Amino acid sequence: MAGERLSLDVLADHIPALRRYAHVLARGGRDADDLVQEALLRAVDRLQVRADVVNMKSWLFTIMHNVFVSRLRKAHVRRFDISLEGDNGFQPGTPATQEEALRWRDLMRSFETLPDDQRQVLLLVAVEGLGYAEVAAVLDIPIGTVMSRLSRGREKLRQMMDGGDRPDTRTELRRVK
C-alpha cells in the first residue's frame, strides 16, 4: 500500500477521529483538546522528516497515545474525570427517537465504566475501524492482548446492555455437600 503524502490538509482530515480517541483517553474536556493539539503539533514537526506514512491514521493515533502515556508518567497517573455524555462532541450520527436516545445514553454510561485498556481497544477497533495489528502497534501491545481486551470489553458491554452484570460462572461460589 502506498503511503499518504503528509500535508496539513491530510492531517486536518483526521482531526475528528483524533478528537474521539482523545476523549476516550482523557475522558473529555480540555485535556482531550490539549492531547489533540499536542499530537498534531508533533505530527507537523515531523512533516519534513517523514515524507510518506503507510497509514496516516494509525501514525497519528500512535503519536497521540505516546503523548498521553508521557503525560500520565509525568503526572504520576493523574486521573481525568468527565462524563462521555456531556457536551464533548459525541453525538449519534442521526437524530434518535426517545428509545434510541436512552439506549445511546446507557451505552455511553456502560462504555465509561469499562477499564481504560478495554475502552481504548474498543474505540480503536469498533469506532475508528483500525485492524488488530494497527491497534497493537498504536498501543504497543501484543496482538493477542488486543483481541483479549476487545473480547472482554465487548462481553462486558453486552452484559451491561442486557440488564446488568450477570454473575461470572468462573468466580461464582458453589455449594459443596
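Student: What is the handedness of the crossing where α5 passes α8?

Tutor: In this predicted model, α5 passes α8 in a right-handed crossing. The contact there is made by R103, D106, L107, S110, F111 and T113 of α5 together with L157, M160 and M161 of α8. By residue type, that contact divides into 5 nonpolar, 2 polar and 2 charged.

Student: Which residues meet where α2 and α6 pack?

Tutor: From α2 come R20, Y21, V24 and L25, and they meet R119, Q120, L123, L124 and V127 in α6. These residues divide into 6 nonpolar, 1 polar and 2 charged.

Student: Which residues have the most contacts inside the largest nonpolar core?

Tutor: They are Y21, F61, M64, F111, L124, V135 and L139, in a core of 42 residues. At least two residues of this core come from each of α1 (8-13), α2, α3 (29-45), α4 (56-74), α5 (98-113), α6, α7 (132-139) and α8 (143-161). The most come from α4, which gives 8 residues.

Student: What is V135 in contact with, leaving aside its neighbours within four places in sequence?

Tutor: With that exclusion, V135 is in contact with V121, L124, V125, L130 and V146. One of these, L130, is found in the loop between α6 and α7.

Student: How do you know whether L130 is buried or exposed?

Tutor: Check its relative accessibility, which is 6%. Buried means under 20%, so L130 counts as buried.

Student: What surrounds L130, leaving aside its neighbours within four places in sequence?

Tutor: L130 is in contact with K57, S58, F61, L124, V125, V135 and V138 once those neighbours are left aside. Take S58 as an example: S58 and L130 are 72 residues apart along the chain, yet their C-alpha atoms are separated by 7.6 Å.

Conventions: Residues are numbered from 1 along each chain as its sequence is written. This is a predicted model: local features need pLDDT of at least 70, side-chain atom pairs count only at pLDDT 80 or more; totals for chains, interfaces and linings use all residues. Side-chain values use heavy atoms; hydrogens and water are left out. Contact means heavy atoms within 4.5 Å. Helices (H or I, at least four residues) and strands (E, at least two) are DSSP runs, numbered from the N terminus. Ala, Val, Leu, Ile, Met, Phe, Trp, Tyr, Cys and Pro count as nonpolar, Asp, Glu, Lys and Arg as charged, and the others, Gly among them, as polar. A nonpolar core is a set of buried Ala, Val, Leu, Ile, Met, Phe, Trp, Tyr and Cys residues joined through side-chain atoms within 4.5 Å. Buried means under 20% relative accessible area, exposed over 50%, partly exposed in between (1.4 Å probe, protein chains only). A crossing is left-handed if the near helix is turned anticlockwise from the far one by less than a right angle, and right-handed if clockwise.
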